[in-house]
Amino acid sequence: MDAQTFFTTINQLHHGRDHLLLCICNSGRRSLAAAALLRSLGYPKALSVAGGFQAWKKLQVPAPAAASPATNG
């Protein structure tokens with residue numbers, strides 16, 4: 001997606017410039033740049049998710065194993 005399409009989409013979805021905008025990418029580098037650009041364009045609450053999806057995946061706790069049904073015996 002080119003920059004013009006991105007900002008057109010943001011402006012259509014985002015009616016108030018004071019709303020929180022979270023930017024996220026794989027490692028956090030591109031989202032950091034995107035959030036800085038959005039802030040420079042008048043979106044003061046544009047934030048980057050530190051570490052991106054990679055950091056988020058590392059924080060995920062595996063789901064507990066399903067308990068086996070009790071057997072009568």
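In the predicted model, the largest nonpolar core is made up of 8 residues, namely Phe 7, Ile 10, Leu 21, Cys 23, Ala 35, Leu 38, Tyr 43 and Ala 46. At least two residues of this core are supplied by each of three elements, helix H1 (3-13), strand S1 (21-23) and helix H2 (29-40). For Phe 7, one of the core residues, the contacts beyond four places in sequence are with Leu 37, Leu 38 and Leu 41, and of these partners Leu 38 is itself listed in the core.

When residues up to four places away in sequence are not counted, Phe 53 touches Ile 24, Cys 25 and Asn 26. The C-alpha atoms of Phe 53 and Cys 25 are separated by 6.2 Å, although the two residues are 28 residues apart along the chain. With a relative accessibility of 36%, Phe 53 counts as partly exposed.

The count of aromatic pairs in the model comes to 1. This pair is formed by Phe 53 and Trp 56, whose ring centres are 6.5 Å apart and whose planes lie at 80°, so the arrangement is classed as edge-to-face, the angle being over the 60 degrees required for that class. Because Phe 53 and Trp 56 are 3 residues apart in helix H3, about one helical turn separates them. Trp 56, at 47% relative accessibility, likewise counts as partly exposed, the limit for an exposed residue being over 50%.

Note on methods:
Residues numbered from 1 in each chain as written. Predicted model: local features only at pLDDT ≥ 70, side-chain atom pairs only at ≥ 80, totals over all residues. Heavy atoms only, no water. Buried < 20%, exposed > 50% of the residue type's maximum accessible area, 1.4 Å probe, protein only. Contact = heavy atoms within 4.5 Å. Phe/Tyr/Trp six-rings, centres within 6.5 Å; stacked < 30°, edge-to-face > 60°. Helix = DSSP H or I, 4+ residues; strand = E, 2+ residues; numbered from the N terminus. Core = buried A, V, L, I, M, F, W, Y, C linked by side-chain atoms within 4.5 Å.
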